[in-house]
Amino acid sequence: MATLLFKDVNKVYPNGYHAVHDFNMEIKDGEFICLVGDSGCGKSTTLRMIAGLEDITAGEFYIDGKLANQMSARERGIAMVFQSYALYPHLTVYENLAFGLTLEGIDADVIEEKVQATAKILGLTDYLERFPRALSGGQCQRVAVGRALIRKVNIFLMDEPLSNLDAKQRVTMRSEIKQIHRSVGATTIYVTHDQTEAMTMSDRIVVMKSGGYVQQIGTPYELYFYPQNLFVAGFIGEPPMNFVRGTVENGKVAACGLNADIRPIVKDAAAVEGKKVVFAFRPEAIKLAHEIDKTQKYYEITSKVELTELLGDTTNVYAVVGCGEEKVNIILKVNPHYTPAMGEEFKFYIPQSAAYLFDAETEQIIENEVVRH
């Protein structure tokens, strides 16, 4: 297996575009790491620098303690799975899996053993004589993964490998890739724009922002419950976190439709007196009146329903909080059996332990000692 270390890694293209800024991270042996972010944030560029397909402009990149900046792609011991399957259409599944081994001049008996073992792991044993045109998208992607897997390398790189699949196939392939990782144990770096993939598959997630800036690195739990800034808070979670902007006056967030006492949720309320802040909460954290636990403390907010979406196990409620020009659109997740009617004015409650406060100027979390749950 392999460990990776990035020290102030930067990528600047000849035209002056700075694609990745000061990337710093240590990836442990056997970890599954996801790089996520919006388009143009530098996640695929970072992956290509790891693979040796892009030069590192500045900084140092190590593989197992060895400086790898000038290593060729072949020397790095890396296998890569791309967004497109990139299968040879005139070759069978067996021949596609065996292709790289054949080029290396490996004995036919060894190739047979490796192909059969890889096909068994991926559930492709019954498809070895088929051509890619006779396979589903999910099966083609498994062949692409198998072609990387069969090389027995220490590092797997995957660049949005599931983006061409439909929703059902993506769910299936997510679990399959995770199971493959557990059985093989190779260090894996996986690029995706889909936060659900990142949350369900990774040991740790790297959230990147346009311009190639790393915003936060952490476990899925840490990013979801303890976002360090507004970008991460708004990026992780579906639907996204709700934000209400206001000013701290006498220890409370003063905003139209909101008068929340911040003293229970911040470490030093006096330090933010008079500051412009963002009061935040997740759609699924709210409670309706009949769900309140009297042992907890809540913020009460009155809103007006504009639209509802029944999803089966839950309902998304699109509502408005505030008055006049200060109205704020929010999204709430509620029990479908208690869905308010469109146009109805209703109250909901936010547990103090589920509320966040961000500095509106720096966009950083305001230090707190709240235990999230």
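The lining of the largest pocket comprises 19 nonpolar, two polar and four charged residues, where Ala, Val, Leu, Ile, Met, Phe, Trp, Tyr, Cys and Pro count as nonpolar, Asp, Glu, Lys and Arg as charged, and the others, Gly among them, as polar. The model is predicted: local features need pLDDT of at least 70, side-chain atom pairs count only at pLDDT 80 or more, and totals for chains, interfaces and linings use all residues. Residues are numbered from 1 along each chain as its sequence is written, and side-chain values use heavy atoms, with hydrogens and water left out.

The largest pocket holds about 740 Å³ of space. A pocket here is an open set of points on a 1 Å grid over the protein atoms alone, where a 1.4 Å probe fits, with protein on both sides within 12 Å along at least five of seven lines; lining residues have an atom within 4 Å of a point. Points are joined across faces, edges and corners, and the volume is the space filled by probe spheres set on them. Of the 25 lining residues, Ile 78, Ala 79, Met 80, Arg 147 and Arg 151 are the closest to the centre. Strand S6 (78–81), helix H2 (93–103) and helix H4 (137–149) each give two or more residues, and H2 gives the most, with five. Helices (H or I, at least four residues) and strands (E, at least two) are DSSP runs, numbered from the N terminus.

I turn now to the sheet. Four strands form an open, antiparallel sheet in the order S17-S16-S15-S18, where pairing requires at least two DSSP bridges between two strands. Strands S17 (328–334) and S18 (345–351) stand at the edges with a single partner strand each, so one side of each has no neighbour in the sheet. S15 (298–310) pairs with S18 over seven bridges, and Ile 301 stands opposite Phe 348 in S18.
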